[in-house]
Amino acid sequence: MSDAYTLLRGGRVCDPAGPAAGGDLQAPRRDLYLKDGRIAAPPPDDARIDAVIELDGRVVMAGAIDIHSHIGGGKVNLARLLLPEEHRQHGSAPDGLRRSGSGLFTPSSFVTGYRYAEMGYTAAFEPAMLPSNARHTHLELGDVPIIDKGCYAVLGNDDFLLERLAAGATQSEVNDYVAWILHATQAVGVKVVNPGGISAFKFNQRRLELDEAHPHYGITPRRILTTLATALSDLGVPHPLHVHCNNLGIPGNESVTRDTIAALDGLPAHLTHLQFHSYGTEGDRRFSSAAAEIAEAVNRSPNISVDVGQIVFGQTITASADIMSQFRNSGLASPRKWVCTDIECDGGCGLVPFRYRDKAFVNALQWAIGLELFLLIEDPWRVYLTTDHPNGGPFTSYPHLIRLLMDRSFRNEQLARINPAVAAHSRLGSIEREYTLEEIAIMTRAGPARVLGLRDRGHLRPGAVADVVVYDDLPDREAMFAAPAWVFKNGRPVARNGRLTPNGEGTGWGDTIVVRPEFDPAIERRLKPWFEDHQTVRLGNFRIADGEILDRGRGGLSIVPTLTASDPCF
Amino acid sequence: MSVLSLRLKGPLPGRIDASPLLPQRLAGLNLREIAALPLRFGRGHVAAGELFDLSGSPGDTVELEGDGRLDFVGAGLDGGTIRVAGPVGHRAATGMSGGFLMVEGSTGLAAGAAMRGGVLTVGGDAGDGLGGALPGERAGMTGGRILVQGSCGDRVGERMRRGLIAVGGDAGAYAALHMNAGSLLIGGRPGATTGHGMRNGTILFRGEIDPLPGFADCGLNQLPFLSLLDRHLSGLDGVPPACRGLTGRARRWLGDRGFGGRGELLACP
């Protein structure tokens, strides 16, 4: 620990979660002091300042946070195996600072960390960690350098929960189970993927509506959804239930999405990759945009936050635990190979490589639907920038998306290039909204931090983790956000002008962010025999110890405080 | 015709990626530039001039002194000729689309994998995966010709779609695994599970075989096409003699019936 400060002098600080008017770029320039990896209050005059970096009016923001990005674990690895040609084509050699790696839309763990840091992202969250895959996921994320990471445990199709719900378990028993899973798998939230649907698929069901009974357990997706959302709310887990709705990708699924919002009935929830759930059935092709209806439903429901899952044209791979939709889409695989597999009876996994084509009506309309959602949802605190990496496209396309949101003429230029039928079917061309820098700072930093309950990230108030990004204020927002002038992680410079920079300490490793609500350990009396009878590992071995993540000082744990009754609810 | 010769200065320090040494790529460079050309070696690179003595003039032919640790020789070749005195390492002629790669010695793994055109001749033996598919690819060889005087390893012609592979000696297990089309000629004895998963294409060999149960015995035949094939082979250079002399008599099996079953195994006396 040193008592010296680093001073970032004369930047225009864009900090919407900071002090009043913190997002006002016209405000006087503000100096930022970094000390011991945190933002510090302005020090006394005689304090030792080690380094002064002149920012000359550049734009300063907190490190960006990706709330939903598939960057590790079982299915990402299967995706890498399925497309070795991607890794043959996109290799990167070691250079003394970086280790070697490969891949573009399923980058290897090292490349993932480097690319994120070079873009000014300092945290990313793996949204689909099956509890039975948790150890693998954490081991892999442990090899992602620089950035902080966290995982959402996938529940809602696991036989233990479904069987207990069918047997009439009380809410408090479910709460204990959910809390036990969060502890045992070192997760920061819970995701539910196609509630009940993945399990129903194994009983030969190919579609499941919100109020349709599961063919074996007889319970409905609505019940699973509300029980889990209530559990997280009762436990005080800051990140509300992360919901991947039913019937992903099916034209007309907007009704189930709106029903889901209605079913939650005021319970906080986060609807993920909403673009894939906003399809109508109008028009000659029976495929239309329902973005306006969905956006309206979101605008009316302050308990709901969303991320978009924007698509980007080009080759990628779709990777999802939603085996029902992946199996349905397997015929669209390009190149023509795909994998659908069960994972330890805990969930499912489907991988379908896909090429989004700008001349194809359906893909082009998907692109427009995503942008409509961004632009029609009014509150940037509740809509976050994602491509559902890699499902809509790689996370490296975020700077391009930011330009689409901030620059209407650029957006309309792109709209004119894609399948012409889309401009006629979509209201995108008539939307005048352009995101401001402050709104971008909210949707990529302050908003995700708030909905994840990260109290010391996503803003630049004294005490925050010193994850700071400095941008040149370029008119081309894509260039601006692709290559930030400076990126600081924990107060150390890690990238300069979009390239990793040596700082004498190697690249470093981020923290794993977890949440630890209280629960009654008596739930283990029920779980123990379940593990003995049905699982491949015993309960004692299933639990991930802190030491496995800390890995003798290489990793770190950062515990998100649970909400108490006095905390303002989301 | 201008010929560039590369002669080894001494034993190689390790496995070297020789894929930049393509005639058309070198033709535009002078000897000094070629000597400075970086070749991948482990985590770093080594200059070509540190490994080879260069002579002659760059043109459409490269003569190379071979070594079993020289990988990717002729990988991506699309024209010109590479002649190798001695063996080469793995992945020779991978993804080749034209020209000639003539190896006097043996080749390592996956020679001619994903080949699309051109001719690969091997004086010695070939390793596993000859003319096969790169990992994860749906198609293996899609064109061109591979002629091997010696024997070859396992999985020759895996996922082959087009082209000709002729092996003078024996073949390893799983020859023409999941073959889609094309011709595989084996002058010696085929290995275990030959033709497993083949949907179409032809595997021809000498002597008797007990094929997999997925193959239906179609008895002894007199096939006029075989004498046409023999005449075609007589017009080619470097066809192993053991693959020649087809009389037209053949015992024929059709299979693999678990996969469509339109491929054929031909045992020619």
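Helix 1 (74–82), strand 9 (121–129) and strand 19 (347–356) of chain A each contribute at least two residues to the lining of the largest cavity. The model is predicted. In total, 13 residues line this cavity. Those nearest its centre are Lys75(A), Ala128(A), Leu130(A), Asn133(A) and Ile343(A). By residue type, the lining holds seven nonpolar, five polar and one charged. The space inside the largest cavity is about 80 Å³. A search of the whole structure found six cavities of 30 Å³ or more.

Over all chains, the structure holds 18 aromatic pairs. One of them joins Phe110(A) and Trp509(A). This pair is edge-to-face. The ring centres lie 6.2 Å apart, and the planes make an angle of 65°. An angle over 60 degrees counts as edge-to-face. Phe110(A) belongs to helix 3 (residues 109–118) of chain A. Trp509(A) sits in the loop between strand 24 (499–500) and strand 25 (511–515) of chain A. The pair therefore ties together parts that are 399 residues apart in sequence. Phe110(A) is buried, because its relative accessible area is 10%, and buried means under 20%. Trp509(A) has 26% relative accessibility, so Trp509(A) counts as partly exposed.

A second aromatic pair is formed by Tyr116(A) and Phe395(A). This pair is stacked. The centres are 3.8 Å apart, with 5° between the planes. Tyr116(A) lies in helix 3 of chain A. Phe395(A) lies in the loop between strand 20 (383–384) and helix 13 (398–406) of chain A. The pair links distant parts of the chain, 279 residues apart. Tyr116(A) is buried, with a relative accessible area of 0%. Phe395(A) is buried as well, at 1%. Tyr116(A) and Phe395(A) also belong to one aromatic cluster, together with Tyr121(A) and Tyr398(A).

Charged side chains also meet aromatic rings. Arg285(A) lies over the face of Phe361(A), 4.2 Å from the ring centre. The charged end of Arg403(A) is placed over the ring of Phe410(A). Here the distance to the ring centre is 3.8 Å.

Terms used
Residues are numbered from 1 along each chain as its sequence is written. Chains are lettered from A and ligands numbered from 1 in the order in which they are written. This is a predicted model: local features need pLDDT of at least 70, side-chain atom pairs count only at pLDDT 80 or more; totals for chains, interfaces and linings use all residues. Side-chain values use heavy atoms; hydrogens and water are left out. On a 1 Å grid over the protein atoms alone, a cavity is a set of points where a 1.4 Å probe fits but cannot get out, and a pocket is an open set with protein on both sides within 12 Å along at least five of seven lines; lining residues have an atom within 4 Å of a point. Grid points are joined across faces, edges and corners, and a volume is the space filled by probe spheres set on the points. Helices (H or I, at least four residues) and strands (E, at least two) are DSSP runs, numbered from the N terminus. Ala, Val, Leu, Ile, Met, Phe, Trp, Tyr, Cys and Pro count as nonpolar, Asp, Glu, Lys and Arg as charged, and the others, Gly among them, as polar. Rings of Phe, Tyr and Trp (its six-membered ring) pair if their centres lie within 6.5 Å; planes under 30 degrees apart count as stacked, over 60 as edge-to-face and the rest as tilted. Buried means under 20% relative accessible area, exposed over 50%, partly exposed in between (1.4 Å probe, protein chains only). A charge sits over a ring if NZ of Lys or CZ of Arg is within 6 Å of the ring centre and within 35 degrees of the ring normal.
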